[in-house]
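Colleague: Hi! Could you walk me through this structure when you have a minute?
Modeller: Happy to, let me put it up.

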Amino acid sequence: MMNVLKFILLIVIASFAFNANSIQYKFIAGDNSFATKVCIFAGSDNKKALRRSKQYSIDNVRLIANSVLCNDMPIASFAKKYHAMNTFQYLNRVTKRSLREYETNVEIKDITTAEADTSDVVQIIYVRSAK
């Protein structure tokens, strides 16, 4: 009997998870600088474009990770904020310890207020950089 109740609870929770709106981020550059472009690549989780944005070498990646600020935060933190986990992990591994972010995933959802609308929500983020 207890296994049946656990199974039913799991199905109810899973059905609410599929009904949650997903947020998509659209990044708009505040200028044409190289730093702003790499911020957009990082926030968009475009690791391939980030790697090609400058002649690839680990020193260039380290320089970008430790000197580029996107909307007043380190580039790895910016990527993490917008759930760009591929670029976050890529940049965070070469970020100096004082700027490094750590992966933490805590998510609290109120399943009683979940909406049945499955449409995506697009949030526009204006990006500016500092180097």
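Colleague: Which residues make the nonpolar surface patch?
Modeller: Val 122, Ile 124 and Tyr 126 form that patch, and its area is about 330 Å². Bear in mind that this is a predicted model.

Colleague: And where does Ile 124 sit?
Modeller: Ile 124 is part of strand β4, which covers residues 121-127.

Colleague: Why does Ile 124 count as partly exposed?
Modeller: Its relative accessibility is 43%. Partly exposed is the class between the buried cut-off of under 20% and the exposed one of over 50%, so that is where Ile 124 falls.

Colleague: New topic: how many disulfides does a search of the whole structure find?
Modeller: The search turns up one. It is the bond between Cys 39 and Cys 70, with an S to S distance of 1.9 Å.

Colleague: Which parts of the chain does that pair link?
Modeller: Distant ones: Cys 39 belongs to helix α2 (residues 34-43) and Cys 70 to strand β2 (residues 69-70), 31 residues apart.

Colleague: Is the link of Cys 39 and Cys 70 left-handed or right-handed?
Modeller: Left-handed, with -85° about the S-S bond.

Colleague: Are those cysteines buried or exposed?
Modeller: Cys 39 is buried, at a relative accessible area of 0%. Cys 70 is buried too, and its value is 0%.

Colleague: Let's switch to the rings. How many aromatic pairs does the structure hold?
Modeller: There are five. One of them is Phe 27 with Phe 78: the ring centres are 5.8 Å apart and the planes meet at 55°, so this pair is tilted.

Colleague: What parts does the pair of Phe 27 and Phe 78 tie together?
Modeller: Phe 27 comes from strand β1 (residues 23-29) and Phe 78 from helix α5 (residues 75-81), so the pair connects parts 51 residues apart in sequence. Both Phe 27 and Phe 78 are buried.

Colleague: What kind of aromatic pair do Phe 78 and Tyr 82 form?
Modeller: An edge-to-face one, with 5.0 Å from centre to centre and 65° between the planes. Tyr 82 is buried, as Phe 78 is.

Colleague: Why do you quote both a distance and an angle?
Modeller: A pair of aromatic rings is described by how far apart the centres are and by the angle of the planes.

Colleague: Last one: which residues do ring pairs link into a cluster?
Modeller: That cluster consists of Tyr 25, Phe 27, Phe 78 and Tyr 82.

Conventions: Residues numbered from 1 in each chain as written. Predicted model: local features only at pLDDT ≥ 70, side-chain atom pairs only at ≥ 80, totals over all residues. Heavy atoms only, no water. Phe/Tyr/Trp six-rings, centres within 6.5 Å; stacked < 30°, edge-to-face > 60°. Helix = DSSP H or I, 4+ residues; strand = E, 2+ residues; numbered from the N terminus. Buried < 20%, exposed > 50% of the residue type's maximum accessible area, 1.4 Å probe, protein only. Disulfide = S-S within 2.5 Å. Patch = residues over 30% accessible without salt bridge, like charges linked within 9 Å, V, L, I, M, F, W, Y side chains within 5 Å. Areas by Shrake-Rupley, 256 points an atom, 1.4 Å probe, with all protein chains shown as cover. Salt bridge = Lys/Arg side-chain N within 4 Å of Asp/Glu carboxyl O.
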